[in-house]
Amino acid sequence: MASVALKQANAAPPTLQDSQTNALLTLLNLNNTTQPSGTTTQPAKGSALKVPAPSGPPVWKILVLDQYTKDVLATVLRVQDLRDVGVTLHVQLHSNRPPLPDVPAVYFVSPNIANIRRIVQDLEKGLYESYHLNFVEPLPRALLEELAAAVARDGSGELVEQVLDQYLSFISPSPSLFSLLPPPTAAPASAPNAAPGPSTPSPPHSSYALLNSPASTEQQIEEEIERIATGLFSVVVTMGHVPIIRAPRGNAAEMIAKKLEQKIRDAILSSARSHTSSLFAQDSSGLSNLQRPLLLILDRNIDLTSMLSHGWTYQALASDCLEMKLNRVLVSQPQKRSYDLDSKDFFWAKNASNPFPQVAEDIDTELNKYKQDAAEITRSTGVSDMNDIAQMDLSANAAHLKTAITALPELTARKAVLDTHMNIATALLEEIKKRGLDELFSTEEAITKQTAQALLEFLRNPKAGATPTATDKLRLVLVWYLSAPDSAISKDDVAELEKELKAAGADVAAFEFVRRTREISKMMAPSALGGSSTPVPGVSTPGGELFKGFSALGNRLTDRLKDGGLENLISGVKNFLPANKLLPVTRLTEALMDPSAASNQSLQETDEYIFLDPRAARNPNAGLGISGVGAPGAGGGGSGRARRMAFSEGTVFVVGGAGYVEYGNLEEWAKKTGKSVTYGGTEIVDPGGFVRMLENLGKGAA
């Protein structure tokens, strides 16, 4: 056991998505752990998920889901993955289901009264051979007692094989990205027998709106903080590590951090007292005090700019320009189609965080590679087209036929992926051109150099052929306002900008809310917060390496874009590649994970953050240092420096919403420094959605 534990400690840690997928596969295997030596579920390049090999033939079963768990499952598993673990049918809990009395049923649902009552009905009717009840988060004692009383009353106890808490109440669309499940009231009703997949659109729940609205009651805020802490506890349990928790003082982040610490502390104490296995994997391996990770909990108001700015990476543009929910992207032109993008998509996994020009270049490279591979097969088999392989002379080409049949599924799958990304890239290119996103991006990259007059001129006279939307203009103004020092903003400038925004059809309620928020909190500009803004070497000159892709993509899209706009698009952004700068959340993460590389200003800021160690003994100084030792007191001059330490792994969680621009920046920093960082938020919010939140808050406070 010790040698296995040490091997696991030295191996690359599984991502949050890997850990969640493993937990789901174990659940679907009736909670029988397969291959305890540590089989991973990381996908092979461009292939489906590797499902742990069962110890015997699969147990065929039915899977019963509700709306929330459907989204959890659909984000990391496909229908074929369910088949591989013996799931023959997946159905909605609140639908009319025929009895299958000789089949075991795996229930994976939320712990609420409506679900408990429906499960009791199913037991009473004897729909299935046996019931394996799994709850996405801990089942409250009152509901457990209700379930037990109903089972005892109906005499159906022998049918219930398992009742387990699974701690999986979060969604992980990428290996290092997650968001929490929405509260029950935000979930839409689902169609009966719907297949696992992203749920139908509904008014999204907004933690940011609830926590920042003056209309929110104290009870609502308390319930929201409890919900967020419970969701974060699921993330911590799934990762299997007990983290060191840091958070700024005096806001919702601090309240959530303290609640989460208490939940972890209670879980550790409970397992120690009852001598049951710990929720945290490291406790059983004896490595609980080695390689402790960081959990940094931040408030969204620490940086609104990242949520509003126009991104230039593939995933940021997809989130901004297209309808994106979970892993599904909806493209409206030339015809409405949806595409699934996830870590099993080799092109998305490789290019999601890359600048768009580089993505275009890689599409061209991959298409050429595909053509060469296809040509090699057709040459060796003697057919003129891949589709004619079935017409081959089998007697003369047996060896070549075997090669072709082996290679054909992989080539077909690769072609389908490339077609998907060609269509998405085409749609993005149209949006860039139509809205002038290149100009907006380049203006925001140099936003600290912009004056109010220059901004007004840009709003009144955008680039020829481009028509930024009213929301685009509003976002640009908000980014400028949040980035400019107080001395650069006059009341006259604000009035002029408001007038111009109104003329463009924008709702200025969001501007009014941001102004009030800045006045209250005195938010500092990202440039003033110690982030470096050094341009990437070698890419700021015309014809830079990252722009080759535009011409490549342009050549392939000439039949779709015949008006010559592509060249103008390229020239418009040649000198405005993403600067190598740290956004505020990345800068604060660096100060806590790699203090030797951080600026003094960042260190001074993070030194004041609360420090919580759930493993430390309770004492008057608890939370001020590891095990409470050597910490002179809250806010003490030496206590902050004493708490500085380096971390190789960390999780950054933003209360109020996460965004792809921020995620990409943090991911890039982690890649450069060799750190393992997971990023998440209460929700993943696109820029347009965040503007609507601000508008609603502005109207509510008016």
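User: How are α2 and α8 placed relative to each other, parallel or perpendicular?
Analyst: In this predicted model, α2 and α8 are roughly perpendicular to each other. Their axes cross at roughly 85°, and angles of 65 to 115 degrees count as roughly perpendicular.

User: Which residues are in those helices, and within what distance do the axes come?
Analyst: Helix α2 covers residues 16-28 and helix α8 covers residues 218-239. The axes come within 9 Å.

User: Which residues meet there?
Analyst: From α2, Leu16, Ser19 and Gln20 take part. They meet Val235, Thr238 and Met239 of α8. By type, the residues of this contact are three nonpolar, three polar and no charged.

User: New topic. How many helices and strands are there in the protein?
Analyst: The protein has 27 helices and 17 strands. It has 702 residues, and 54% of them count as buried.

User: What about contacts between residues at least 6 apart in sequence?
Analyst: Of those contacts, 79% join residues at least 24 apart.

User: What is in the largest nonpolar core?
Analyst: That core has 68 residues. Trp480, Phe511, Phe690 and Leu694 have the most contacts inside it. Helix α15, residues 398-435, gives the most to this core, with ten residues.

User: And what does Phe511 touch, leaving aside its neighbours within four places in sequence?
Analyst: Phe511 is in contact with Leu474, Val477, Leu478, Tyr481, Val494, Leu497, Glu498 and Leu501, with those sequence neighbours left out.

User: Which residues are in the other core?
Analyst: Another core, of 31 residues, lies apart from the largest one. Leu16, Phe170, Phe178 and Leu612 are among its residues.

User: Now Ile264. Is that residue buried or exposed?
Analyst: Ile264 is buried, because its relative accessible area is 0% and buried means under 20%. Ile264 lies in helix α9, residues 252-274.

User: How many residues apart in sequence are Ile264 and Pro243?
Analyst: They are 21 residues apart in sequence. In space, the distance from C-alpha to C-alpha is 9.4 Å.

User: On to strands. How many residues of β4 are buried?
Analyst: Strand β4 runs over residues 131-135, and five of its five residues are buried. Tyr131, Leu133 and Phe135 point one way from β4, while His132 and Asn134 point the other way.

User: How is β3 joined to β4, parallel or antiparallel?
Analyst: Strand β3, residues 105-109, runs parallel to β4, and five bridges join the two. Ala105 has Tyr131 in β4 as its bridge partner.

User: What is the order of the strands in the open sheet with β11?
Analyst: The order is β10-β11-β12, an open sheet of three strands with antiparallel pairing. The edge strands are β10 (323-325) and β12 (337-340), and each pairs on one side only. From one strand to the next, the twist averages 20°.

User: How many bridges join β11 to β12?
Analyst: Four bridges join them, with β11 covering residues 328-331. For Leu330, the bridge partner in β12 is Ser338.

Notes: Residues numbered from 1 in each chain as written. Predicted model: local features only at pLDDT ≥ 70, side-chain atom pairs only at ≥ 80, totals over all residues. Heavy atoms only, no water. Pairing = 2+ DSSP bridges. Axes fitted to C-alpha atoms, helices over the stretch in contact; angles between N-to-C directions. Parallel < 35°, antiparallel > 145°, perpendicular 65-115°, else oblique. Contact = heavy atoms within 4.5 Å. Nonpolar A, V, L, I, M, F, W, Y, C, P; charged D, E, K, R; others polar. Core = buried A, V, L, I, M, F, W, Y, C linked by side-chain atoms within 4.5 Å. Buried < 20%, exposed > 50% of the residue type's maximum accessible area, 1.4 Å probe, protein only.
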